[in-house]
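Here are a few notes to read alongside the structure. Keep the 3D view open and look for each residue as you go.

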Amino acid sequence: MVYLDHAATTPVRAEALADMTEEFGRLGNASSLHGSGRRARRVVEEAREAVADALGATPHEVVFTAGGTEADNLAVKGLYWARHRADPARRRVLVGAVEHHAVLDPAKWTADHQGAVYEELPVDRLGRVHPDVLRAAIERDPGGVALVSVMWANNEVGTVQPVAELAAVAREYGIPLHTDAVQAVGVEPVDFAATGAAALTVSGHKLGGPVGAGALLLARGVDPVPVLHGGGQEREVRSGTLAVPLLRGFATAVRLAVAERAGHAARLAGLRDGLEAAVRAAVPDVVVNGDPEHRLPGISHLSFPGCEGDALLMLLDARGIECSTGSACSAGVARASHVLLAMGADPDTARSSLRFSLGRGSTDGDAAALGEAIGPAVARARAARERRR
Amino acid sequence: MTAQRLRVLAAMSGGVDSAVAAARAAEAGHDVTGVHLALSANPRSYRTGARGCCTVEDSRDARRAADVIGIPFYVWDMAEEFDRDVVQDFVAEYAAGRTPNPCLRCNEKIKFAAVLDRAVALGFDAVCTGHHVRLVDGRLRRSVDLAKDQSYVLAVLRRDQLDHAMFPLGDCTKAEVRAEAERRGLAVADKPDSHDICFIADGDTSGFLSGRLGATPGPIKDESGAVLGTHDGAHRFTVGQRKGLNLGGAPDRRYVLSIEPVDNSVTVGPRESLRVDEITAERPVWSGCAPLTEPTACAVQLRAHGEVHPCRAWERDGVLTLRLDTPAAGVAAGQAAVLYDGDTVLGSATISATARLSEGAAAG
């Protein structure tokens with residue numbers, strides 16, 4: 001099997017797996033007051049310190065969640081509610097046009113059900129939100145903006161946003177900026193304090209930790225209204241029994257991913273360049289999407305003119321090569337990517353694209369296998385597309 | 001024939017038949033890939049649960065069946081083609097005063113055209129479905145389960161389409177299929193049969209057509225042209241229909257004899273006037289024999305699950321003419337006339353006109 005879908009999920013690291021396996025064998029609710037509880041609480045707090053340390057935050061700023069989607073929902077809905085409550089004039093929710101659905105959908109929900117005004121920040125052809133675009137959007141009614149959310153790096157095309165600059169613009173107006181850094185941690189230098197963002201999402205299973213664990217970093221003084229109500233375990237902002245084994249594995253994965261970041265990113269970039277060269281050798285008219293200067297090292301998002309992405313995916317899958325159409329599915333049908341459409345692509349081009357993403361365990365052999373399979377697959381997919389009226 | 005290992009695309013609706021068909025193809029040693037066809041851009045607008053084949057729930061059922069069988073599974077988006085070639089065609093046919101069969105059209109234009117074309121281009125050898133029909137030496141034959149036989153809605157397929165078709169269920173009954181699904185651990189074993197039209201969510205065909213065509217009132221006439229009443233949309237009627245005429249106080253039972261789109265009129269009359277013995281049909285397809293150019297004795301079926309009528313049939317200038325040995329009632333334009341020799345399909349054409357030549361079978 002040639003696994004080229006690490007942006008969907010990537011293998012759990014052995015270190016994280018060992019930690020979790022050990023922890024699953026132990027007893028204790030981190031909220032209990034007795035010895036077992038204190039032991040579990042210690043594991044959670046050490047995990048919190050490790051995550052904070054790795055990401056340039058203080059332990060108090062780390063709110064553990066069950067993953068990226070929950071963290072994004074808490075940031076978008078929670079900050080909207082809090083900011084709107086403090087000043088009812090704040091209704092505008094500004095989100096990047098290429099955000100993940102975990103940000104777009106809660107933002108649209110606040111508009112549909114909570115009286116918010118949903119506004120998308122347009123991107124350029126490379127997928128970037130320009131600081132002056134954000135400034136102009138805010139300027140239309142600065143007092144009316146509840147929050148801004150722009151991802152650190154895009155999950156489909158890999159374009160890296162100028163998050164620090166965007167956060168600086170938002171801060172000029174006293175507006176909190178949330179950034180979904182799910183794809184960035186471990187390959188980009190993510191430093192929460194240095195960035196100036198008010199909130200940042202990180203997820204475990206994209207960087208070698210378990211699925212079902214993540215965190216929302218919240219700067220001091222940034223207090224979203226909770227989405228989940230209950231025991232108030234996390235700063236009274238997030239309720240739910242803490243998943244001690246998962247959080248321990250998550251922290252281990254974050255710590256190692258950040259420590260190894262520079263070398264890992266360089267290695268991925270080399271592999272990615274090799275992959276793109278191999279594909280181009282077989283399909284000379286392949287188009288590389290995203291920002292060539294500012295993109296994640298492990299993501300290669302390619303358009304194959306005259307093909308349908310889902311046909312290519314199936315043909316490659318039959319050869320044991322696993323990749324993604326990159327876009328969200330609706331009942332198993334890949335829709336034209338909102339990311340590519342926002343970048344100005346026409347629907348046919350958007351549908352002709354595949355995402356190949358690399359990670360730990362990827363090798364030159366993967367690129368070579370893809371290079372071998374892609375030519376015949378593209379030829380067949382083109383023939384199939386031509387027969388479709 | 002099955003000694004050869006083929007790359008087979010199994011169209012999986014989420015129902016029990018297509019699941020067992022896919023399982024049989026895999027068990028026969030073929031390299032099978034399951035594909036569920038997404039036929040609506042908005043799956044929630046189609047029939048839900050057990051009734052349809054096009055919903056998110058059906059897609060999940062199909063995926064689970066593929067898991068159990070152990071074959072790869074994908075969803076193909078055919079919503080654009082389905083809307084254009086089946087739904088819009090359905091509406092246009094009613095607007096023209098005909099009574100279409102959308103399942104037949106789906107087989108003709110989607111499953112064994114758009115899907116088959118794409119499959120062949122992508123390297124598949126055949127499309128496998130769960131239709132109850134046999135394919136013997138390239139010719140369609142009725143299922144051994146006559147109550148479930150679907151040869152009528154497949155007779156529209158040409159020989160070149162049948163060359164790439166695989167129907168593994170034709171030699172057994174529906175009850176046997178369900179038992180086999182149970183034995184194979186397929187959760188859809190008890191799923192009720194689908195009925196009615198998958199793209200009409202609430203089963204209200206008349207309401208669906210009114211929404212597309214509007215409800216334009218028109219006259220209800222008798223055979224002499226005298227106006228007996230009004231209707232609120234000619235698409236609400238089909239030839240042979242008796243209910244819904246609302247001709248209060250009419251002394252005799254009357255039936256819809258014809259629908260005339262030009263003046264939006266519906267003609268009614270006594271049952272005897274429904275009986276026709278000459279039928280002309282267009283776009284003949286001959287998959288079971290060479291085109292019958294001379295009057296030839298055979299049997300014809302004039303609607304799904306309808307009875308068969310002995311007749312003589314011949315094609316001239318692209319038009320099929322049928323002379324029935326004894327008149328038949330309720331023959332609607334737009335339906336298929338499917339010719340059989342015993343249980344073997346000879347050909348099919350779309351009914352365009354009917355006539356009554358005389359008492360008793362008329363001479364050619």
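**Notes on a two-chain model**

1. Let us begin with a residue in chain B. You will find Asp317(B) in the loop between β14 (308-316) and β15 (319-328) of chain B. Its backbone deserves a look too: the phi of Asp317(B) is positive, about 50°, although the residue is not a glycine. Please keep in mind throughout that this is a predicted model.

2. Which other residues of chain B have a positive phi? One of them is Arg283(B), with a phi near 50° in a residue other than glycine. Arg283(B) sits in strand β12 (residues 276-286) of chain B. Arg283(B) has 13 C-beta neighbours inside 10 Å, so it counts as partly exposed. Another is Asn264(B), whose positive phi is near 55°. Asn264(B) belongs to the hairpin of β10(B) and β11(B), where four residues lie between the strands.

3. Strand β10 (residues 255-260) of chain B pairs with β11(B) in the antiparallel sense, over five bridges. Strand β11 (residues 265-269) of chain B is also joined to strand β8 (residues 218-221) of chain B, this time by two bridges and with the strands running parallel. As background, strands of a sheet pair through backbone hydrogen bonds, either parallel or antiparallel.

4. Now move to chain A, where three strands form an open sheet in the order β9-β10-β14, with antiparallel pairing. Why does one side of β9 (287-288) and of β14 (353-357) of chain A lack a neighbour in the sheet? Both stand at the edges with a single partner strand each, so one side of each is left without a neighbour there. Strand β10 (residues 299-303) of chain A pairs with β14(A) over five bridges in the antiparallel sense. Within this pairing, Ser303(A) has Ser353(A) as its bridge partner. Helix α9 (residues 261-282) of chain A lies across β9, β10 and β14 of chain A, and it runs at about 20° to β10(A).

5. Is Leu302(A) buried or exposed? Leu302(A) is buried, because 25 other C-beta atoms lie within 10 Å, and a count of 20 or more is what makes a residue buried. Leu302(A) is part of strand β10 of chain A. Leaving aside neighbours within four places in sequence, its contacts include Val279(A), Val287(A), Val288(A), Ser353(A) and Leu354(A). Thr325(A) is 23 residues away from Leu302(A) along the chain, and their C-alpha atoms are separated by 9.6 Å.

6. Compare that with Val12(A), found in the loop between β1 (2-3) and α1 (14-24) of chain A. With 18 C-beta neighbours inside 10 Å, Val12(A) counts as partly exposed. Not counting residues up to four places away in sequence, Val12(A) touches Leu17(A), Gly208(A), Gly209(A) and Pro210(A). Val12(A) and Phe24(A) are 12 residues apart in sequence, with 15 Å between them from C-alpha to C-alpha.

7. In chain B, Ala337(B) touches Ile279(B), Val300(B), Leu320(B) and Ile351(B), among others, not counting residues up to four places away in sequence. In soluble globular proteins, nonpolar side chains tend to be buried together.

8. How is chain A divided? Its domain assignment gives domain 1 (14-259) and domain 2 (261-387). The C-alpha centres of these two domains of chain A lie 28 Å apart. Where they meet, 21 residues of domain 1 are in contact with 24 residues of domain 2. The domain 1 side has 10 nonpolar, eight polar and three charged residues.

9. Finally, look at where the chains meet. The contact takes 15 residues from chain B and 13 residues from chain A. On the chain B side, α4(B) gives the most, with four residues. By class, this side of chain B has nine nonpolar, three polar and three charged residues.

Definitions and conventions:
Residues are numbered from 1 along each chain as its sequence is written. Chains are lettered from A and ligands numbered from 1 in the order in which they are written. This is a predicted model: local features need pLDDT of at least 70, side-chain atom pairs count only at pLDDT 80 or more; totals for chains, interfaces and linings use all residues. Two residues are in contact if their C-beta atoms, placed from the backbone, lie within 7 Å. Two strands pair if DSSP finds at least two bridges between them. Axes are lines fitted to C-alpha atoms, for helices over the stretch in contact, and angles run from 0 to 180 degrees between N-to-C directions. Ala, Val, Leu, Ile, Met, Phe, Trp, Tyr, Cys and Pro count as nonpolar, Asp, Glu, Lys and Arg as charged, and the others, Gly among them, as polar. Domain bounds come from an automatic or database domain assignment. A residue is buried if 20 or more other C-beta atoms lie within 10 Å of its own, exposed if 12 or fewer, and partly exposed in between; C-beta atoms are placed from the backbone.
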